[in-house]
Amino acid sequence: MPPRFGPAFQDELAALLEWRRDVRHFRSDPLDEDTVAELLATAQFAPSVGNSQPWRFVRVRSAELREQLALHADAEVARAGSSMSEERRTAYSVLKLHGMREAAEVIAVFCDDATAFGSGLGAATMPETRRYSVVLAIHTLWLAARAKGLGLGWVSVVAPGHVESVLGVSPDWRLIALLCLGHPLEPDDRPELERRGWQSRLDWRANVSER
């Protein structure tokens, strides 16, 4: 018999979703291997097109490779800021956009576009659904980490091809996300970008229409 998820669980689930944050500020405490293994195993429960499970997680254990990626992100942050208006650039300059030097773990997540698993079911007309599946695995990991009091940060200020080259992955793999995982410095239930005046959260009705 399937489990029943009662009101108490539903309230906790709502709180978990509310407290899930894109974390950029981390403590440097390490994570034990059992915790990391449990989180990655939980991510495997994510839904995927044709049950293809196309996600490929690469833990960046090398300090040299991590620093290469951090330097690249720093350069991309500076480049992006240079094209903004002066007012927006001032607000942008105070944002911390990655925690690769502090976080306990840096994990690159790829989509294996050539995977044989799933035999192409559901991806023949929409091959991009494989990449959407990888995003669902990332979100599953994100929630599982938050449930353990950990933070996850998605580093989007990187060029995918550069990361693929630095990490030397298969030519069939495409970068979906570069993640920082660890203990958040200051947990908060409001996004940092909202707290710093960059962008507030929209009312959900603004994104819903009918036909």
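Read along the sequence, the protein follows the order α-α-β-α-α-β-α-β-α-β-α. This pattern comprises 7 helices and 4 strands. The model is a predicted one, and the description below should be read accordingly.

The overall dimensions may be considered next. Along the principal axes, the C-alpha trace spans about 55 × 45 × 45 Å. A compact globule with 211 residues would have a radius of gyration near 17 Å, and the value for the protein, 18 Å, agrees with this. Of the 211 residues, 37% are buried. Among contacts with a separation of 6 or more, 83% are made by residues 24 or more positions apart.

The protein carries 25 positive and 29 negative charges, whose mean positions are 2 Å apart.

Attention may now turn to the aromatic residues. A search of the whole structure finds 3 aromatic pairs. One of them joins Phe-5 and Phe-9: the ring centres are 4.8 Å apart and the planes stand at 35°, so the pair is tilted.

Phe-110 belongs to strand β2 (residues 105-112) and Trp-173 to strand β4 (residues 173-182), so the pair ties together parts that are 63 residues apart in sequence. The relative accessibility of Phe-110 is 0%, and this residue therefore counts as buried.

Most residues other than glycine have a negative phi. Asn-51, by contrast, has a positive phi, near 55°, and is not a glycine. Asn-51 is placed in the loop between α2 (33-43) and β1 (55-59). With a relative accessible area of 53%, Asn-51 is exposed, because the cut-off for exposed residues is over 50%.

Ser-119 likewise has a positive phi, of about 50°, although this residue is not a glycine. The loop that holds Ser-119 lies between β2 and α5 (129-147). At 71% relative accessibility, Ser-119 counts as exposed.

Methods: Residues numbered from 1 in each chain as written. Predicted model: local features only at pLDDT ≥ 70, side-chain atom pairs only at ≥ 80, totals over all residues. Heavy atoms only, no water. Helix = DSSP H or I, 4+ residues; strand = E, 2+ residues; numbered from the N terminus. Rg over C-alpha atoms; globule rule 2.2 N^0.38 Å. Buried < 20%, exposed > 50% of the residue type's maximum accessible area, 1.4 Å probe, protein only. Contact = heavy atoms within 4.5 Å. Lys, Arg positive; Asp, Glu negative; His and termini not counted. Charge placed at Lys NZ, Arg CZ, Asp CG, Glu CD. Phe/Tyr/Trp six-rings, centres within 6.5 Å; stacked < 30°, edge-to-face > 60°.
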